[in-house]
Amino acid sequence: MTAPATAPSSSLGGQLAAPRSWRVPIVLAVVAVLSLIWFVVFGKDDPTRFTWSDPGDVLYLDPTPANPRVLGIVLGVLSLAAAAASFRWAWRRRPVPVWLSLIVGIAFLVSLVAWVGAGGQITVESLLTSTVSLSTAIVLGALAGVIGERVGVVNIAIEAQLLGGAFTAAVVATTTHSYELALVAAMITGAAISAVLAWFAITFLVDQVVVGVVLIALVTAITNFFYQQVLADNSAQFNDPGTLPRLAIPGLADIPVIGPVLFDQRLTVYLMFLLVPFVWFMLYKTRWGLRVRALGEHPLAADTVGIKVNRSRFWTVTLAGLIAGLGGASLTIGYAGAFVQEMSAGKGFIALAAVILGRWNPWYAALAALLFGFATSFRIWAGGAGAAIPSDLIAMTPYLVTIIAVALVAGRVVAPKASGKPYIKS
Amino acid sequence: MKLELRGITKRFGSLVANDGIDLVVESGQIHALLGENGAGKSTLMNVLFGLYQPDEGEILLDDVPRRFRGPGEAMAAGIGMVHQHFMLIPVFTVAENVMLGHEPTRAGGVLDLPAARRLVREISERFGFDLDPDARVEDLPVGVQQRVEIVKALSRDARVLVLDEPTAVLTPQETDELMETMRRLAGSGTSIVFITHKLREVKAVADTITVIRLGRVVGEAPPTASTAELATMMVGRDVELTVHKDPPRLGAEAFVVDGLTLFGAGGVRLLDDLSFSVRGGEVLAVAGVQGNGQTELAEVIVGLRSKASGSIRLDGEELLGRSVRHVLAAGVGFVPEDRKADGLVAEFSLAENIMLDRSYGPPFAHWYGIDFRARDAVAERAVEDFDIRTQGIGAPVGRLSGGNQQKVVIARELERDLKLLLASQPTRGVDVGSIEFIHERIVEVRDSGVPVLIISTELDEVMALADRIAVMYRGAIIDIVPADTPRERLGQLMAGVVA
């Protein structure tokens with residue numbers, strides 16, 4: 001008799017006495033302290049003017065001048081408070097809520113923007129508008145990635161779907177003068193590339209990463225070939241699509257900051273706004289979504305209740321390709337106004353990172369994609385703001401934030417169990 | 001519904017898994033399909049369920065020939081199946097699992113969760129199951145998960161219910177409850193096919209027994225047949241179910257575990273303050289339902305898990321926190337519970353597998369490479385001593401039968417000079433002849449004065465080998481009892497009942 005005779009209750013006590021996880025609070029505290037040191041001790045006193053609207057706007061808000069050091073103190077203290085609150089959560093052995101981490105992250109980014117823009121002005125509206133524009137393709141690609149992984153297929157070829165969609169949209173829009181046809185053609189291109197990936201991965205059991213990488217190389221080569229042989233010399237005939245018109249929603253578009261960012265955008269951006277909740281709803285509230293998630297977790301179990309595993313996987317991945325193709329269109333007719341060689345420029349891979357950072361959830365993945373978009377937008381702006389230290393150095397910081405964000409969620413992330421694993425039936 | 005299988009034959013390459021099997025299950029009957037592991041029971045049921053296509057033969061439901069191209073068609077025809085490895089999605093709720101594949105929906109394919117909850121409640125109330133439709137399946141004990149599987153089958157109006165080795169993961173008490181459920185189901189007209197290799201359960205619940213061996217039906221028997229008769233049919237010869245062993249000649253307390261605690265992800269206590277000791281010449285068997293910390297205990301002892309606290313001493317030397325190589329070199333022989341995953345490299349030859357644990361040094365390797373002659377000599381001796389049936393020591397070990405594979409693992413571990421033998425599920429999936437042989441070897445090790453720690457979920461094995469029995473429940477040793485403790489008492493302990 002070595003064990004106590006109270007095993008059941010003692011194992012309940014075991015749950016209570018489990019070690020506390022301090023990772024999130026510690027990371028938050030470190031970020032808060034670092035930002036206090038950076039933005040206060042090395043702070044600047046030249047006021048930064050945050051401008052909210054253009055002089056010609058219906059509703060005009062005066063610019064807000066702010067002392068970056070004072071702002072740094074305020075936001076730093078706020079971050080410290082959030083970190084302290086997170087310690088309380090950890091002490092009670094509860095997971096620290098995401099919004100606490102969000103507070104610290106956003107406070108850090110705002111302080112950073114004010115610090116870089118010291119002595120100048122920050123057009124909040126344009127910073128955010130360009131964030132949305134630069135994020136659109138990433139968000140849409142990430143949505144396709146989320147659906148793919150949820151059903152059990154890792155869609156490495158998002159990059160190829162973006163590039164293919166961008167190319168088709170530009171060419172079809174120029175030749176037919178129809179943006180509607182261009183969008184449809186881009187979506188079909190994305191779906192077709194996805195279908196090839198799904199076909200090789202599911203029917204021939206080729207490693208999904210290998211097929212994906214090969215597809216990216218293939219689509220890059222094809223678009224480069226046509227660009228050089230046809231588009232470059234005949235751009236008026238084939239590569240002059242222009243951009244989709246901005247559709248201002250009457251009334252709402254006049255709200256300062258929010259209006260231009262959310263309600264004065266192109267069709268591709270509105271579709272992105274609609275698709276995020278739509279994909280979430282489809283995945284979590286419908287029969288289709290339940291089956292998709294089942295296939296990504298335990299395909300054999302799905303098979304035993306009569307769901308056709310490989311057929312469903314094929315069609316789900318193919319349909320998700322429609323969304324990635326739309327993302328491609330957002331690069332050309334939704335933003336740049338013409339196709340340029342290799343213009344997806346790694347956005348497909350960033351989208352994959354957003355899928356994982358966003359824990360395979362459409363909302364979080366979209367948030368992660370926006371963070372990446374902001375990083376790009378910030379770099380462009382910081383380059384123009386003429387900060388004292390090299391802008392490339394400052395441009396690194398958003399990625400630093402990203403790495404910290406990954407560190408915060410990593411380990412707690414549970415991927416769909418069967419993602420990337422082919423289903424082989426005996 | 002009456003189920004009839006006629007001349008079912010299923011081949012996998014050259015292996016004939018089912019050879020002309022005939023089976024008739026009358027309506028409202030509990031029909032036991034008895035056979036050893038690997039006899040072809042599960043293959044037969046997968047054929048019935050449409051997961052495999054038979055090469056020959058036909059399936060009749062109420063005398064109408066049917067052909068199922070997939071599980072969907074089998075279920076539509078009224079066949080339900082509770083698989084040995086549950087077909088549940090761990091991250092889904094009970095209701096989501098039950099409705100998957102035949103979801104109640106509103107317009108536009110939107111899930112009707114309230115309807116699914118109602119369905120779960122209604123069916124589970126009918127059988128006194130008390131299931132929470134919103135509980136996540138991974139949070140439920142296995143016994144409850146099995147009920148989810150049964151509710152899942154019944155929610156599709158299954159009139160033939162196949163239970164594939166349903167008791168393997170249950171405590172004796174849960175097993176009794178399952179049998180009660182089976183009787184109730186049969187009473188309401190459901191035909192039940194109960195697949196098992198446990199004789200006692202068959203006798204307790206079956207109306208008819210069909211015994212299969214090596215893919216063929218060897219006979220039918222009424223439940224009144226004696227255990228010995230059934231066992232003989234099952235294995236084809238008279239078997240001795242107990243091991244001969246002399247009273248232990250106890251040595252010093254050689255292996256001492258003190259206050260061993262292990263935390264898993266999310267702060268779950270996987271091992272909860274374990275303290276026990278094993279003396280030289282003694283077998284301590286750890287009993288318990290699968291998943292109560294036995295796997296983790298073995299892994300911690302061998303050094304596969306970090307983040308454990310407490311102490312593990314062998315002959316006074318602390319082993320906790322040391323590397324696996326150090327632990328093995330200290331004289332621990334380890335038979336892992338899953339030989340395919342952890343015990344052997346299937347593509348390697350028998351000889352290569354024999355040297356895996358000491359690939360880096362004597363007697364198998366010099367500083368410049370492998371001593372093939374020494375390796376082959378050891379392998380040849382193992383084949384001889386352990387009666388391993390193989391085409392040769394160069395053949396891939398994956399081609400051997402389960403029993404012979406296990407003998408390779410045991411031979412490798414006993415080849416070293418042991419100071420402790422730790423064997424986890426030493427005879428899982430092994431034929432009866434090999435079980436006997438392996439048990440004798442384990443007793444030999446004990447009689448040579450080495451402490452032996454056996455971890456097994458098979459109560460028969462525990463009772464046959466143990467000098468003392470430690471029962472694990474939820475990561476803790478809830479009691480250590482003498483080997484002659486009655487089965488019922490052990491069952492209570494395995495269910496966490498202490499008093």
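In the predicted model, Asp357(B) is in contact with Leu328(B), Arg412(B), Glu413(B) and Arg416(B), leaving aside its neighbours within four places in sequence. With one of these residues, Arg416(B), the contact is polar: the two side chains approach to 2.8 Å. Asp357(B) is located in a loop of chain B, between helix H12 (350-354) and strand S17 (365-366). The relative accessible area of Asp357(B) is 11%. Because buried means under 20% relative accessible area, Asp357(B) counts as buried.

The loop between H12 and S17 of chain B also holds Pro363(B). The peptide bond that leads from Pro362(B) to Pro363(B) is cis, and its omega is near 0°.

In chain A, the label H12 refers to a helix of residues 287-297, which meets helix H14 (residues 309-336) of chain A. The axes of these two helices come within 11 Å and cross at roughly 110°. An angle of 65 to 115 degrees counts as roughly perpendicular, and H12(A) is therefore described as roughly perpendicular to H14(A). The crossing of the two helices is left-handed. On the side of H12(A), the contact involves Trp288(A), Val292(A) and Leu295(A). On the side of H14(A), Val309(A), Ser312(A), Arg313(A) and Thr316(A) take part. By residue class, the contact of H12(A) with H14(A) consists of 4 nonpolar, 2 polar and 1 charged residues.

H12(A) is largely enclosed by the rest of the structure, because 8 of its 11 residues are buried. The buried residues are Gly289(A), Leu290(A), Val292(A), Arg293(A), Ala294(A), Leu295(A), Gly296(A) and Glu297(A). Val292(A) and Leu295(A), which are buried, are also among the residues that meet H14(A). Besides H14, the buried residues of H12(A) pack against helix H5 (124-151), helix H11 (267-285) and helix H13 (299-304) of chain A. Helix H3 (94-99) of chain B is also one of the elements against which these buried residues pack.

His177(A) is placed in the loop between helix H6 (158-176) and helix H7 (179-203) of chain A. The relative accessibility of His177(A) is 71%, so this residue counts as exposed. At 46% relative accessibility, Arg474(B) counts as partly exposed.

Conventions
Residues are numbered from 1 along each chain as its sequence is written. Chains are lettered from A and ligands numbered from 1 in the order in which they are written. This is a predicted model: local features need pLDDT of at least 70, side-chain atom pairs count only at pLDDT 80 or more; totals for chains, interfaces and linings use all residues. Side-chain values use heavy atoms; hydrogens and water are left out. Helices (H or I, at least four residues) and strands (E, at least two) are DSSP runs, numbered from the N terminus. Buried means under 20% relative accessible area, exposed over 50%, partly exposed in between (1.4 Å probe, protein chains only). A polar contact is a pair of N or O atoms within 3.5 Å; within protein, one must be able to donate a hydrogen and the other to accept it, and residues adjacent in sequence count only if both atoms are side-chain atoms. Contact means heavy atoms within 4.5 Å. Axes are lines fitted to C-alpha atoms, for helices over the stretch in contact, and angles run from 0 to 180 degrees between N-to-C directions. Angles under 35 degrees count as roughly parallel, over 145 as roughly antiparallel, 65 to 115 as roughly perpendicular and the rest as oblique. A crossing is left-handed if the near helix is turned anticlockwise from the far one by less than a right angle, and right-handed if clockwise. Ala, Val, Leu, Ile, Met, Phe, Trp, Tyr, Cys and Pro count as nonpolar, Asp, Glu, Lys and Arg as charged, and the others, Gly among them, as polar.
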